[in-house]
Amino acid sequence: MNSHERGGAAPQPFRSAYRLLVVDDDYDSAMSLQLLLQFLGAQVRIAFDGKHALETAEQFLPHAVLLDIALPEDRKSTRLNSSHITIS
């Protein structure tokens, strides 16, 4: 029985290669999400903390950031340091 027979939709690849940044301090979660997004056709970079996320975002210029909102670091300094990055 395939996904259509069960009533679910099959995953569809992205229409263009989106640049996505995954930020998560949990290695397994980040890697799993990276594999799924790459399977769908995205270009994916991973950062495991806010500092590296900012550095990666400046170089990679992602279309979107998938951010773990519970990173265990100082959010105030990360927010201040990110104010100069423009992501379009």
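This is a predicted model: local features need pLDDT of at least 70, side-chain atom pairs count only at pLDDT 80 or more; totals for chains, interfaces and linings use all residues.

Colleague: What makes Lys-51 and Glu-55 a salt bridge?

Modeller: Their N to O distance is 3.3 Å, and the cut-off is 4 Å, so the pair passes. By this rule the count comes to 1 salt bridge. Both residues lie in helix α2, 4 residues apart, about one turn of the helix. (Helices are DSSP runs of H or I with at least four residues, strands are runs of E with at least two, and both are numbered from the N terminus.)

Colleague: Why is Lys-51 called exposed?

Modeller: Exposed means over 50% relative accessible area, buried means under 20%, and partly exposed is in between (1.4 Å probe, protein chains only). Lys-51 has 53%, so it counts as exposed. Glu-55 has 37%, so that one is partly exposed.

Colleague: And why are Tyr-27 and Phe-48 called stacked?

Modeller: Rings of Phe, Tyr and Trp (its six-membered ring) pair if their centres lie within 6.5 Å; planes under 30 degrees apart count as stacked, over 60 as edge-to-face and the rest as tilted. Here the centres are 5.7 Å apart and the planes are at 25°, so the pair is stacked. Tyr-27 lies in helix α1 and Phe-48 in the loop between β2 and α2, so the pair ties together parts that are 21 residues apart in sequence.

Colleague: How do you know that Phe-48 is partly exposed?

Modeller: Its relative accessibility is 34%, so Phe-48 falls in the partly exposed range. Tyr-27, at 49%, is partly exposed too.

Colleague: What makes up the largest nonpolar core?

Modeller: A nonpolar core is a set of buried Ala, Val, Leu, Ile, Met, Phe, Trp, Tyr and Cys residues joined through side-chain atoms within 4.5 Å. The largest has 7 residues in all: Leu-20, Val-22, Ala-30, Leu-37, Ala-42, Val-44 and Ile-46. β1, α1 and β2 each give two or more residues to this core.

How values were computed: Residues are numbered from 1 along each chain as its sequence is written. Side-chain values use heavy atoms; hydrogens and water are left out. A salt bridge is a side-chain nitrogen of Lys or Arg within 4 Å of a carboxyl oxygen of Asp or Glu.
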